[in-house]
Amino acid sequence: MTSDTGLSETQITQFARDGFLVFRGMADKAICEHMLTVASRQLQEAAQPLEFEAELGYAGAPSSLEAEGGRTVRRLRGAYDRDACFHDWAEDPRIVDKVRQLVNEPVCLTLAHHNCVMTKHPQYGTATGWHRDIRYWAFTQPDLICVWLALGEETSANGGLRFIPGSHRLQIPRDQLDDLLFLRPEHPANQALFEQGQAIELHQGDVVFFHSLLFHAAGVNTSNVVKKSVAFVYHGCSNQPLPNTRSSSAADIRLSD
């Protein structure tokens with residue numbers, strides 16, 4: 001048996017095997033609707049800090065901020081300090097206690113990575129190839145956990161997440177990756193990996209925990225509604241960001257003893 005905030009041994013084993021866990025209805029409707037209201041208002045106001053699709057240079061993105069669709073927002077950065085609803089969610093004991101079991105030590109929240117409301121817009125919201133989040137993070141150990149909250153429906157039709165189960169345990173040769181460390185679509189050895197990819201359908205309030213080494217991807221949004229999700233990243237407090245890197249550019253928040 002497990003408490004409301006904890007994990008069962010079966011769940012801990014599943015995370016070690018697959019690299020992710022899905023929790024249905026973990027955030028109630030009122031919380032999600034409040035976050036949606038805040039995020040929608042801040043999108044309308046273009047409240048900084050923001051990341052734009054044009055800044056990433058992914059296939060299909062606007063060529064510049066001045067091009068058509070150039071002000072399409074990819075994410076509202078700095079969610080922890082944007083509103084109490086995001087701050088409170090990031091520190092929710094149901095999250096912290098589960099992460100503590102998975103990392104087996106006190107938990108820190110990093111404000112340097114994710115810490116955002118992810119948005120995927122119709123038309124100018126680009127697809128994301130198969131990648132590991134750890135590719136642009138720098139910690140003493142590559143063991144961090146992203147906690148992703150769906151504020152609405154997330155399906156293949158609107159750019160929902162896809163995972164390759166167990167891929168966090170794989171050693172991938174460098175030649176299978178491109179310059180941005182995405183799995184190269186044309187590489188023969190990657191074809192079997194792509195076939196293992198699973199679409200993760202989420203409903204409002206569903207939450208996914210996934211390992212920073214897990215390969216994941218997301219398609220484009222073919223609906224007419226902006227998809228919004230909240231993402232925070234956690235790590236064991238002994239797993240420190242490397243000095244003078246992006247990972248050490250913002251504070252860590254210690255959340256448990």
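## Arg-169, an exposed arginine

At 52% relative accessibility, Arg-169 counts as exposed, where exposed means over 50% relative accessible area, buried under 20% and partly exposed in between, with a 1.4 Å probe and protein chains only. Its place is in the loop between S8 and helix H6 (188-195); helices (H or I, at least four residues) and strands (E, at least two) are DSSP runs, numbered from the N terminus.

Leaving aside residues up to four places away in sequence, Arg-169 touches Ala-16 and Arg-17, a contact being heavy atoms within 4.5 Å. The side chain of Arg-169 also reaches the backbone oxygen of Arg-17 at 3.0 Å. The C-alpha atoms of Arg-169 and Asp-18 are separated by 8.8 Å, although the two residues are 151 residues apart along the chain.

## How to read the model

This is a predicted model, in which local features need pLDDT of at least 70 and side-chain atom pairs count only at pLDDT 80 or more, while totals for chains, interfaces and linings use all residues. Residues are numbered from 1 along each chain as its sequence is written, and side-chain values use heavy atoms, with hydrogens and water left out.

## Arg-74, a buried arginine

Now for another arginine: Arg-74 sits in strand S3 (residues 73-77). Arg-74 is buried, with a relative accessible area of 5%.

## Cysteines

The structure holds 1 disulfide, defined as a pair of cysteine sulfur atoms within 2.5 Å. Cys-108 and Cys-237 form it, with their sulfur atoms 2.5 Å apart. The link is right-handed, with 110° about the S-S bond. It joins distant parts of the chain, 129 residues apart: Cys-108 lies in strand S4 (residues 107-110), and Cys-237 in the loop between strand S12 (227-236) and strand S13 (252-254). Both Cys-108 and Cys-237 are buried.

Cys-32 is buried at 0% relative accessibility, and Cys-146 is buried at 1%.

## Aromatic rings

There are 6 aromatic pairs in the structure; rings of Phe, Tyr and Trp (its six-membered ring) pair if their centres lie within 6.5 Å, with planes under 30 degrees apart stacked, over 60 edge-to-face and the rest tilted. Tyr-136 and Trp-137 form an edge-to-face pair, 5.9 Å centre to centre with 80° between the planes. Tyr-136 is partly exposed at 25% relative accessibility, whereas Trp-137 is buried at 7%.

The rings of Phe-163 and Phe-210 have their centres 5.1 Å apart and their planes at 45°, so this pair is tilted. Phe-163 in strand S8 (residues 161-163) and Phe-210 in strand S10 (residues 207-211) are 47 residues apart, and their pair links distant parts of the chain. Phe-163 is buried at 0% relative accessible area, and Phe-210 is buried at 1%. Ring pairs link Phe-20 with Phe-163 and Phe-210 into a cluster.

## Charges over rings

The charged end of Lys-98 sits over the ring of Phe-23, 5.3 Å from its centre. For this, NZ of Lys or CZ of Arg must be within 6 Å of the ring centre and within 35 degrees of the ring normal. Arg-135 lies over the face of Phe-182, at 4.4 Å from the ring centre.

Terms used
A polar contact is a pair of N or O atoms within 3.5 Å; within protein, one must be able to donate a hydrogen and the other to accept it, and residues adjacent in sequence count only if both atoms are side-chain atoms.
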